[in-house]
Amino acid sequence: MTDLLLHTISTDKLSLPLYTSKDLQVSVSRLDKIHPLVSGNKWFKLRYYLEDAVNQKKKTIVTYGGAWSNHILATAAACNRSGLNAIGIIRGEEPANLSATLSQAKELGMQLIFISRDNYQHKKKPGQLTGDDYYFIPEGGYGLKGAMGAASILEHCNKETYTHFCCAAGTGTMTAGLLLGSSPPDQIVSISVLKNNIELEKCIGQFAPGSKQRLDIHHGYHFGGYAKYNAALITFMNEFYTQTNIPSDFVYTGKLFYAVNDLVQTNYFPAGSSILMIHSGGLQGNNGLKKGTLIF
Ligand SMILES: *Cc1c(COP(=O)(O)O)cnc(C)c1O
């Protein structure tokens with residue numbers, strides 16, 4: 001597989017008339033460029049887990065995810081690269097045809113074990129995975145090691161330049177990382193892509209205690225819930241691409257860019273603010289859309 005291209009992470013400055021009219025500087029940190037499969041924030045969230053597994057001399061990484069999970073694919077690719085075995089515990093019955101994400105994970109050597117949605121919800125360990133060889137990583141890389149890895153995202157941008165860091169949130173691990181990696185008075189604006197995930201603030205606070213006043217979570221941009229979308233979102237993503245040449249994914253970064261634009265329009269950011277949006281990758285997930293939906 002191609003190597004990780006951390007040196008290709010760029011900070012792209014966007015000069016859209018909307019931002020200029022509000023006297024805002026807006027840039028995007030392009031983590032999507034580091035690898036076609038180990039996209040964006042997932043490698044950052046995995047790095048300290050993998051390091052820990054190697055230190056503990058574990059040979060097999062086990063983690064959880066759904067059929068289109070960026071985390072599953074990133075884990076498969078990162079393990080392949082590090083010479084570790086990988087097992088993905090996948091939510092739901094084994095389908096007749098694997099999703100593009102799961103086929104790629106399998107090609108990278110990951111063993112897939114399908115479990116019922118009920119067992120998945122309780123994160124049941126399949127019976128065959130007992131013994132000392134296995135290193136378990138929580139779904140989505142959720143945990144302190146994941147947050148610490150995500151904190152290192154900010155080493156790839158000139159972080160002193162910004163007043164606001166904006167990112168999409170699933171588990172909130174990356175949001176916690178941005179809190180850990182930045183300092184007061186920087187604000188972290190987190191866009192939840194799940195519907196009514198009221199636990200999110202608690203989940204984030206656990207890993208970044210004492211930084212509540214620097215965190216603002218927005219729950220109004222989920223477009224119906226996780227991996228749900230509508231025509232307005234797709235139209236926005238296509239327009240954003242036309243204006244900036246930056247592709248986004250419909251699960252996370254499309255909702256992030258939409259939300260930030262909406263917040264700009266409604267004067268959420270004080271004039272003079274300097275905003276960094278984290279492009280956390282996830283573009284492979286667009287393979288789940290009907291061909292031709294997106295123009296990129
Ligand atoms: C997983 C993921 C996120 C969410 O990260 P959390 O740490 O779970 O909040 C955001 N963007 C992309 C592209 C992702 O794959």
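Asn 70 is buried in this predicted model, with a relative accessible area of 10%, a value that falls under the 20% taken as the limit for buried residues. The residue belongs to helix α3, and, leaving aside residues up to four places away in sequence, Asn 70 touches Lys 42, Tyr 252, Gly 282, Gln 284 and Gly 285.

Helix α3, which spans residues 70–82, packs with helix α4, residues 100–107, at an angle of about 15 degrees, and the two axes lie 9 Å apart. Because of that angle, α3 counts as roughly parallel to α4. The crossing of the two helices is left-handed. On the side of α3, the contact is made by Ile 72, Leu 73 and Ala 76, which meet Thr 101, Leu 102, Gln 104 and Ala 105 in α4. Sorted by class, this contact of α3 with α4 holds five nonpolar and two polar residues, and no charged ones.

Not counting residues up to four places away in sequence, Phe 236 touches Gly 254, Phe 257, Tyr 258 and Asn 261.

| Residue | Helix | Relative accessible area |
|---|---|---|
| Asn 70 | α3 | 10% |

Key
Residues are numbered from 1 along each chain as its sequence is written. This is a predicted model: local features need pLDDT of at least 70, side-chain atom pairs count only at pLDDT 80 or more; totals for chains, interfaces and linings use all residues. Side-chain values use heavy atoms; hydrogens and water are left out. Axes are lines fitted to C-alpha atoms, for helices over the stretch in contact, and angles run from 0 to 180 degrees between N-to-C directions. Helices (H or I, at least four residues) and strands (E, at least two) are DSSP runs, numbered from the N terminus. Angles under 35 degrees count as roughly parallel, over 145 as roughly antiparallel, 65 to 115 as roughly perpendicular and the rest as oblique. A crossing is left-handed if the near helix is turned anticlockwise from the far one by less than a right angle, and right-handed if clockwise. Contact means heavy atoms within 4.5 Å. Ala, Val, Leu, Ile, Met, Phe, Trp, Tyr, Cys and Pro count as nonpolar, Asp, Glu, Lys and Arg as charged, and the others, Gly among them, as polar. Buried means under 20% relative accessible area, exposed over 50%, partly exposed in between (1.4 Å probe, protein chains only).
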